[in-house]
Amino acid sequence: MIREVKAKDLNAKRFIEEQVQAIRTAVGGDLAINALSGGVDSSTVTMLGHRALGKQIKTVFIENGLMRQGEPQQVVGLFRKLGVTVEVVDARKEFFAALKGLTDPEEKREAITQTFYKRVFGRLVKDSGAKCLLQGTILTDVDETVAGIKRQHNVFEQLGIDPQKAFGYRIIEPLIALRKDGVRKIGKALGLPAELFNRIPFPGPALAARVIGEATPERIETVRKATAVVERVLGDTGAFQYMAILHADRVTGIRERRREFGQQIEVRCWDSVDARTAVPTRLPFNRLEKLALEIIKEVPGVVSVTYQLAPKPPCTMEAV
Ligand code: XMP
């Protein structure tokens, strides 16, 4: 049982000191590795890991083909300014091969988990000689996985899976007692710029969590373009999270006086504190209209744009 540390009770300086010590003890004289996606959790773990381990940690960005527009370059550039070297590992082919033909949400999540931990990290750990992986699992990931709602890609021990046996390395999780608001506090105290610690959450399975049905390179590209519009148009709302979802069903549309059997994008924008519950943001109608017009202009093949209105629960924030 993990004891939750609430953001309001969190002494950032003390937490960082304790975790730095705990990481040093756990890693000993070995080499550790960590995957940075540029999200709040993995960015915070990267800073914590580098503070604790210096040259004994290697940070990689896994280019899985499922990230947002320009994300690898942007994340690598931001961390270079913070003095952290990030190596980009191109694993696009492996992820798309694993996702091929899969439409079931849990099967898609499982395929991403196996590709990430077993194939890509298994190889990286072997090649580098690292003995453990540092990662930014937080309490909300554990809760939802244990409750059987969604198999979060980064939860093992609580499901009775021993990473050492399953993948050949240990996993260290310094943020496991925190929720998102606590992680932001720690990230800020570790010197992350606001554009990183205030970044909207982005799920581990990345854009594959936002494509209903098969996540092919083409369908991921469609949701990637729509995501760029949604993030641009809603960037100043202060909402907890906003996203575009690509539906599996097509609908009849009309373009240049011809029938177009087109794609549907659903926009979601959430107000939430800790992601356990959430309500749709009451966006003004003119903002919704702007979203629709820009999405149909910039995303080829889209003829329908809708806004999601149900709260979580029973909805979840991501669609997959
Ligand atoms: P849901 O969709 O479960 O999302 O209501 C709650 C919050 O968690 C994020 N999320 C994930 N984060 N790995 C993560 O690190 C995952 O597999 C994952 N799935 C969802 C989601 O973006 C939201 O902020």
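A crossing of two helices is called left-handed if the near helix is turned anticlockwise from the far one by less than a right angle, and right-handed if clockwise. The model is predicted, so local features need pLDDT of at least 70 and side-chain atom pairs count only at pLDDT 80 or more, while totals for chains, interfaces and linings use all residues. Residues are numbered from 1 along each chain as its sequence is written, and side-chain values use heavy atoms, with hydrogens and water left out.

Helix H2 covers residues 40-53, helices here being DSSP runs of H or I with at least four residues, numbered from the N terminus. Of its 14 residues, 13 are buried, that is, under 20% relative accessible area with a 1.4 Å probe and protein chains only. After H2 comes Gly 54, whose phi is positive, near 55 degrees.

H2 packs against helix H8 (residues 180-189) at an angle of about 40 degrees, with their axes 9 Å apart; the axes are lines fitted to C-alpha atoms over the stretch in contact, and angles run from 0 to 180 degrees between N-to-C directions. The crossing of H2 and H8 is left-handed. The contact (heavy atoms within 4.5 Å) involves Val 40, Asp 41, Thr 44 and Arg 51 of H2, and Lys 180, Val 183, Arg 184, Ile 186, Gly 187 and Ala 189 of H8.

Elsewhere, Gln 164 belongs to helix H7 (residues 163-167). Leaving aside residues up to four places away in sequence, Gln 164 touches Tyr 169 and Arg 170, and its C-alpha atom is separated by 12 Å from that of Val 125, 39 residues apart along the chain.

Notes. Helix = DSSP H or I, 4+ residues; strand = E, 2+ residues; numbered from the N terminus. Expected span 1.5 Å × (residues − 1). Buried < 20%, exposed > 50% of the residue type's maximum accessible area, 1.4 Å probe, protein only.
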